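Thanks for asking for a second pair of eyes on this structure. Have it open beside you and look up each place as you read.

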Amino acid sequence: MKKRILVLGAGFGGLEISTMLSEAFGDGVDVTLLDKSDAFTFGYSKLDVMFGRTTPDAVRMPYKRIAKPGVRFLQETILSIDPVARRVTTDRGTHEADFLVVALGADYDFDATPGLADATEFYTVAGAARLGKVLPTFTKGRVLIGVCGAPFKCPPAPSEATLMMHDYLTTRGIRSACEITFLLPLETPVPPSPETSRALLAAFAERNITFVADREVRSVDTQRRIVTVDDGGEFPYDLFLGVPVIRAPKVLEASGMTENGYVPVKPRTLETRFPDVYAVGDCARQGTPKAGVFAEGAARAVATALIARLRNQAAPVTHAGKGTCYIEFGAGRIGAVDVDFFSNPDGPTGTYYEPSVALRADKEHFGSSRRARWFGLSQ
């Protein structure tokens, strides 16, 4: 009898697990992939949408394109999870599994920051599209990029948005009529890599961008156009780009799987405290940042372990806690940082690669290779 593997969430983690299991077993395994959405979008695509480089429709990859032996995708909304019985109830029915993998990501918590729901943000596709319509009408004033708390998704993205905003305003010939301020609730832009942080800080200084470290947005007054930060300070703005805080989906909290907001796992194996239940990505406390590349790495570790178990082999410990983040520096150049969270007992380390046009090809390959691998879309 085929083993039933239920994967909750079709982001980086769920897509990679499903692909690896299909590659290993084909129709010999029964993988059900659930997601409430009908399409996948790379997080970095939202910046391109915001700055008018592409459209929301162009960056969507419909899940109906998934055609892998042994894998079926179902667009359903999860209503409850019983991790003990490995039973999941959705708006369409009930699913039971021999192995359950939770890869639901994190939800944006707009209510955690008063006023943010009425403000402009670029972390959802809809928000980026709305800003894409606002930006051409902006001609002068104070631009404020503000992060509402940590952890937040894709740590380099606010820095990228800041530098790309400089380019955008410069191209339009209005940069001299604008101020750009970046508020970040971290001491440096990329804490695991001091070299990357120094490069970003130098880029901000070179472009006359004000960087305010260790401050998080606590509220947004859209009528007065003022942001209040955690020390009580106020920052007026004419154009605000908000980065919302995140939380694990409420259905996970209701299931009893979370502690202090996220699902605790063993960092090396991604096992939860429930037998044969794993959690990967932004919903889990897996010891790495909330970014797709780290969800994918965790997913590969879980898939490798499940493949070994289904073959009655010893399950290896494979989660390396490593990932590469590409960083838009503007002017067509992209930098990169390889981050390693587990190898050094003294803490995470990062290897920085200076911005270049050549690294843009690497980033494009990162996207095209996954489009081909997960969706069968040509590179």
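Predicted model: local features only at pLDDT ≥ 70, side-chain atom pairs only at ≥ 80, totals over all residues.

1. Let's begin with Leu131, which sits in helix α3, residues 125-134. Is Leu131 buried or exposed? Its relative accessible area is 0%, so Leu131 is buried, the cut-off being under 20%. Setting aside neighbours within four places in sequence, Leu131 touches Met50, Thr120, Glu121, Phe122, Leu239, Phe240 and Leu241. Take Glu121 from that list: Leu131 and Glu121 are 10 residues apart in sequence, and their C-alpha atoms are 7.5 Å apart in space.

2. Next, find the open sheet of 3 strands, which runs in the order β6-β7-β8 with antiparallel pairing. Its edge strands, each pairing on one side only, are β6 (78-82) and β8 (94-96). From one strand to the next, the twist averages 15 degrees. As background, strands of a sheet pair through backbone hydrogen bonds, either parallel or antiparallel. Here, β7 (residues 87-90) pairs with β8 in the antiparallel sense over 3 bridges. For a landmark, look at Arg87, which stands opposite Glu96 in β8.

3. Now turn to a pair of helices. Two packed helices are described by the angle between their axes and the distance between the axes. For α1 (residues 12-25) and α8 (residues 358-375), the axes come within 10 Å and cross at roughly 55 degrees. The two helices are therefore oblique to each other, and α1 passes α8 in a left-handed crossing. Which residues meet there? From α1 come Phe12, Leu15, Glu16, Thr19, Met20 and Glu23, while α8 brings Phe366, Arg370, Arg373, Trp374 and Phe375. These residues divide into 6 nonpolar, 1 polar and 4 charged.

4. Some backbone angles also deserve a look. Most residues other than glycine have a negative phi, and most peptide bonds are trans. Where does the model have a cis peptide bond? The bond from Ala150 to Pro151 is cis, with omega near 0 degrees. Pro151 lies in the loop between β11 (141-147) and α4 (157-171).

5. Finally, check two positive phi values. Asn312 is not a glycine, yet its phi is positive, at about 60 degrees. You will find Asn312 in the loop between α7 (292-310) and β22 (322-330), and at 73% relative accessibility it counts as exposed. Ala331, also a residue other than glycine, has a positive phi near 55 degrees. Ala331 belongs to the loop between β22 and β23 (333-340), and it counts as exposed at 58% relative accessibility.

Notes. Residues numbered from 1 in each chain as written. Heavy atoms only, no water. Helix = DSSP H or I, 4+ residues; strand = E, 2+ residues; numbered from the N terminus. Buried < 20%, exposed > 50% of the residue type's maximum accessible area, 1.4 Å probe, protein only. Contact = heavy atoms within 4.5 Å. Pairing = 2+ DSSP bridges. Axes fitted to C-alpha atoms, helices over the stretch in contact; angles between N-to-C directions. Parallel < 35°, antiparallel > 145°, perpendicular 65-115°, else oblique. Left-handed = near helix turned anticlockwise from the far one by under 90°. Nonpolar A, V, L, I, M, F, W, Y, C, P; charged D, E, K, R; others polar.
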